[in-house]
Amino acid sequence: MAYILQVDFQMDGPFGDEMAEAFTELAKSINQEEGFLWKIWTENPETKEAGGIYLFETKETAEKYVDMHTNRLAGFGISPVHAKIFEVNSALTEINKGLVNQ
């Protein structure tokens with residue numbers, strides 16, 4: 001069973017192309033995290049929010065990532081970090097073309 005991790009936090013920027021340029025190395029490092037399958041990066045410059053939707057192989061690897069990522073963001077002065085973990089209902093997700101099986 002796969003698990004979705006939803007993360008969001010307040011951030012002053014950068015956003016858009018500047019965010020992509022600034023966080024390319026971070027994005028590459030996320031690919032190396034245990035149990036990580038994929039991430040969709042989210043941002044809203046109007047409300048100064050950023051975050052992401054992640055897919056992990058297990059609940060434990062998602063929880064481990066939340067702990068590490070929360071500490072990393074705190075090092076950047078970003079707090080609080082809101083994180084929620086959800087089980088994926090694969091049968092219904094596949095009907096709606098969700099890519100949860102890697």
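**Charged pairs and their surroundings**

Modeller: Exposed means over 50% relative accessible area, buried under 20%, and partly exposed in between (1.4 Å probe, protein chains only). This is a predicted model, in which local features need pLDDT of at least 70 and side-chain atom pairs count only at pLDDT 80 or more, while totals for chains, interfaces and linings use all residues. Residues are numbered from 1 along each chain as its sequence is written, and side-chain values use heavy atoms, with hydrogens and water left out.

Colleague: With which residue does Glu25 meet in a salt bridge?

Modeller: Side chains of opposite charge can pair when their charged atoms come close. The term requires a side-chain nitrogen of Lys or Arg within 4 Å of a carboxyl oxygen of Asp or Glu. Here the partner of Glu25 is Lys28, with 3.7 Å from N to O. Lys28 is partly exposed, at 48% relative accessible area.

Colleague: How are Glu25 and Lys28 placed in helix α2?

Modeller: They are three residues apart in helix α2 (residues 24–30), and therefore about one helical turn separates them. Helices (H or I, at least four residues) and strands (E, at least two) are DSSP runs, numbered from the N terminus.

Colleague: How many salt bridges does the rule give?

Modeller: The count is three. One of them joins Lys64 and Glu34, whose side chains meet at 2.9 Å, N to O. Lys64 belongs to helix α3 (residues 59–75) and Glu34 to the loop between α2 and β2, so this pair ties together parts that are 30 residues apart in sequence. Lys64 is exposed at 53% relative accessibility, whereas Glu34 is partly exposed at 49%.

Colleague: Which residue forms a salt bridge with Lys48?

Modeller: Asp12 does, and the closest N and O atoms are 3.9 Å apart. The pair links distant parts of the chain, 36 residues apart: Lys48 sits in the loop between β2 (36–44) and β3 (49–56), and Asp12 in the loop between β1 (3–10) and α1 (16–22). Lys48 is partly exposed, with 39% relative accessibility, while Asp12 is exposed, with 67%.

Colleague: Is Thr61 buried or exposed?

Modeller: Thr61, which is found in helix α3, counts as buried because its relative accessibility is 8%. Contact means heavy atoms within 4.5 Å. Apart from neighbours within four places in sequence, Thr61 is in contact with Glu34, Gly35 and Phe56.

Colleague: How many helices and strands does the protein have?

Modeller: There are four helices and four strands, and from the N terminus on the order is β-α-α-β-β-α-β-α.

Colleague: What share of the residues is buried?

Modeller: Of the 102 residues in the protein, 30% are buried. As for contacts with a separation of 6 or more, 65% come from residues 24 or more positions apart.

Colleague: What does the C-alpha trace span along its principal axes?

Modeller: The spans are about 40 × 25 × 25 Å.
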